[in-house]
Amino acid sequence: MVENLMLAFGLTLLAGLATGIGSLLAFFTSTTNTKFLSLALGFSAGVMIYVSMVEIFFKAQDALVGSMGEVPGKWLTVAGFFGGMVVIALIDKLIPKAGNPHEVKKVEDMSKSQSSIQDSNLLKMGTFTALAIAIHNFPEGIATFTAALNDPTLGIAIASAIAIHNIPEGIAVSVPVYFATGDKKKAFKLSFLSGLSEPLGAILAYLVLMPFLNDVVFGILFAGVAGIMVFISLDELLPASRRYGEAHLSIYGVVAGMAVMALSLLLFI
């Protein structure tokens with residue numbers, strides 16, 4: 001149990017800190033590899049959609065049906081699934097467009113005229129984007145931690161998918177902050193800190209949920225995790241993937257992600 005806890009927290013921490021990778025990419029490359037990013041984001045969406053609908057949803061349903069009976073168990077699973085979607089949609093709704101982490105930022109934006117250095121509006125936008133990403137990452141941290149605690153192999157797959165989708169979020173923070181201040185350290189620090197909300201979500205899940213964790217709580221939580229991941233994939237990953245590259249690359253990435261997830265479920269879970 002202790003080993004599972006450490007692994008679950010470690011995976012959540014690594015997934016969250018992938019925002020720092022995005023920030024570093026923004027500093028050490030001159031252009032954004034949009035084709036690769038499009039494929040990677042599509043791949044992440046494919047992994048998350050497939051594992052949510054094929055594995056996590058039915059694990060939640062099995063736990064709830066086993067505890068409550070077939071009819072109430074299935075109804076509660078569906079309620080938990082859409083409840084997770086509502087939670088993440090409300091979080092998204094509360095974030096104004098200017099600071100929304102879904103807005104595509106590219107490394108090239110850093111090479112624009114430096115006449116906007118010390119632009120307080122840009123600094124405000126970058127800071128707010130970091131806050132927005134931190135809010136977004138919080139339920140993702142709970143999702144990763146819960147999945148990894150129940151099934152480490154499943155947790156690795158989910159953590160990897162979330163890490164991929166955190167990379168462009170790191171770019172989204174570092175570009176406007178660096179453009180406004182000219183300070184790479186400050187831009188990296190904000191990007192890095194925005195990812196720490198994922199392990200904070202894991203700590204909250206451990207402190208609040210673990211004492212009450214039974215089949216019913218687990219089933220509702222897992223159903224909610226499935227809903228959160230499907231919503232993130234449809235609302236964030238797929239649109240971002242299509243904006244970064246060609247539409248076909250996005251779909252190829254989705255299919256590849258689903259195929260890899262399907263294969264890993266057959267071989268390892």
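**Ground rules.** I am working on a predicted model, where local features need pLDDT of at least 70, side-chain atom pairs count only at pLDDT 80 or more, and totals for chains, interfaces and linings use all residues. Residues are numbered from 1 along each chain as its sequence is written, and side-chain values use heavy atoms, with hydrogens and water left out.

**Overall layout.** I took helices (H or I, at least four residues) and strands (E, at least two) as DSSP runs, numbered from the N terminus. The chain has ten helices and zero strands. Of its 269 residues, 52% are buried. I call it a contact when heavy atoms lie within 4.5 Å. Among contacts with a separation of 6 or more, 89% are between residues 24 or more positions apart.

**Aromatic rings.** My rule: rings of Phe, Tyr and Trp (its six-membered ring) pair if their centres lie within 6.5 Å, with planes under 30 degrees apart stacked, over 60 edge-to-face and the rest tilted. That gives five aromatic pairs. Phe 57 and Phe 81 are edge-to-face, because their ring centres are 5.6 Å apart and their planes sit at 85 degrees. This pair links distant parts of the chain, with Phe 57 in helix H3 (residues 34-68) and Phe 81 in helix H4 (residues 70-93), 24 residues apart. Phe 81 is buried too, at a relative accessible area of 6%. Phe 81 also pairs edge-to-face with Phe 82, as the centres are 5.2 Å apart and the planes at 85 degrees. Phe 82 itself is partly exposed, at 47% relative accessibility. I noted one aromatic cluster formed by Phe 57, Phe 58, Phe 81 and Phe 82.

**Nonpolar core.** Here I joined buried Ala, Val, Leu, Ile, Met, Phe, Trp, Tyr and Cys residues through side-chain atoms within 4.5 Å. Which residues touch the most other members of the largest core? Ile 56 and Ile 158 do, out of 53 residues. H9 (215-244) is one of the elements giving two or more residues to this core, and the largest share, 14 residues, comes from H9. Leaving aside neighbours within four places in sequence, I found Ile 158 in contact with Val 51, Ile 56, Thr 144, Ala 147 and Met 229.

**Helix H6.** 25 of the 30 residues of H6 are buried, so the rest of the structure largely encloses this helix. Just after H6, Gly 182 has a positive phi of about 70 degrees.

**Pocket.** For this I used a 1 Å grid over the protein atoms alone: a pocket is an open set of points with protein on both sides within 12 Å along at least five of seven lines, and lining residues have an atom within 4 Å of a point. Which elements give two or more residues to the lining of the largest pocket? H4, H5 and H9 do, and H9 gives the largest share, six residues. Among the lining residues I listed Gly 83, Pro 139 and Ile 228.

Conventions. Buried means under 20% relative accessible area, exposed over 50%, partly exposed in between (1.4 Å probe, protein chains only). On a 1 Å grid over the protein atoms alone, a cavity is a set of points where a 1.4 Å probe fits but cannot get out, and a pocket is an open set with protein on both sides within 12 Å along at least five of seven lines; lining residues have an atom within 4 Å of a point.
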